[in-house]
Amino acid sequence: VVVVLVLMLMTRFFHMDALNWLLQRFSVYLAVAFLIVFQPEIRRALAELGKQNVFGMTPSERSMIDAIVHAAVLLSERKIGALMAVERRIGTRGVQETGKAIDSRVTPELLASIFHPHTPLHDGGVIIRDNRIVAAGCVFPLSQQDEAVRSLGTRHRAAIGLTEETDAIVVVVSEETGTISVAFNGRLSRGLDEDR
C-alpha cells in the first residue's frame with residue numbers, strides 16, 4: 001500500500017498521467033484483494049470492536065461452565081475423547097450444519113453420553129450457544145498451521161482450526177492421554193486440571 005501511494009505521488013509530481021491513471025485503477029483492485037485475503041482477521045477485529053464490557057458472569061453462564069468442566073473431568077478420567085465449542089460473538093452456523101441439531105440444556109451427563117464411544121454422535125464436536133447445546137456430531141475445520149500443530153491429533157487440530165476462524169472457546173479431551181486442553185484465538189493450552 002505504501003509503495004503504491006508513493007508511486008502515485010511520484011507520477012503525479014512528475015506529470016506521468018498515463019502511469020498515474022493506471023496506478024489509480026490498480027489501487028481499487030488492491031483494496032479488494034486486501035479485503036479478500038485478510039477477511040478472517042478483519043472479521044475477528046470487527047467482532048472485538050463490538051465487544052461489550054462484561055462485569056461478571058450470570059448464574060446460567062456459571063452453571064454452563066461448571067457443567068462443561070465437570071463433563072471434561074469425567075471424560076478425562078475415562079480417557080474418552082471430546083470436543084466442546086462455546087460459541088461467542090462470531091457465529092458457527094456453517095459448522096453446526098455439518099452435525100445434528102440439538103436444543104438442550106448443558107449438563108455434564110448429556111455431554112458425557114454424547115461422547116461415549118459407540119454412540120452415533122461421539123465422533124464430532126458439540127456447539128454450545130447461549131448456554132444450550134445447539135448441535136452435536138459437528139465437523140470442525142482443521143488448522144493449517146505449521147508442523148508443530150500438524151503433529152497434534154485431529155481433535156486438537158480441529159479445536160485450533162475453529163478458533164482460528166471464530167472467537168469460540170473449545171475444550172478438548174484427548175482420547176489417548178485423557179489430557180484436557182483449551183483452544184482460543186488459534187492457540188492451545190494443554191494439560192489443564194479442573195481448577196484451571
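## Helix packing

H1 and H2 pack at about 160 degrees, with their axes 9 Å apart. H1 is therefore roughly antiparallel to H2 (angles over 145 degrees count as such). Angles run from 0 to 180 degrees between N-to-C directions. H1 passes H2 in a left-handed crossing.

This is a predicted model: local features need pLDDT of at least 70, side-chain atom pairs count only at pLDDT 80 or more, and totals for chains, interfaces and linings use all residues. Residues are numbered from 1 along each chain as its sequence is written, and side-chain values use heavy atoms, without hydrogens and water.

## Nonpolar patch

A nonpolar surface patch covers about 1100 Å². Its residues include Val 2, Phe 13, Leu 19 and Trp 21. Helix H1 (2-13) and helix H2 (17-37) each give two or more residues. H1 gives the most, with six.

Leu 19 lies in helix H2. At 40% relative accessibility, Leu 19 is partly exposed (buried is under 20%, exposed over 50%, partly exposed in between, with a 1.4 Å probe and protein chains only).

## Salt bridges

There are four salt bridges (a side-chain nitrogen of Lys or Arg within 4 Å of a carboxyl oxygen of Asp or Glu). Arg 62 pairs with Asp 66, with the closest N and O atoms 3.2 Å apart. The two are four residues apart in helix H4 (residues 59-77), so about one helical turn separates them.

Arg 129 forms a salt bridge with Glu 87, at 3.9 Å between the closest N and O atoms. Arg 129 is in strand E3 and Glu 87 in the loop between strand E1 and helix H5, so the pair ties together parts 42 residues apart in sequence. Glu 87 is buried at 12%, whereas Arg 129 is partly exposed at 30%.

Conventions: Patches are made of residues with over 30% relative accessible area and no salt bridge: like charges are joined within 9 Å, nonpolar side chains (Val, Leu, Ile, Met, Phe, Trp, Tyr) within 5 Å. Accessible areas come from the Shrake-Rupley method with a 1.4 Å probe; for residues, only the protein chains shown count as cover. Angles under 35 degrees count as roughly parallel, over 145 as roughly antiparallel, 65 to 115 as roughly perpendicular and the rest as oblique. A crossing is left-handed if the near helix is turned anticlockwise from the far one by less than a right angle, and right-handed if clockwise.
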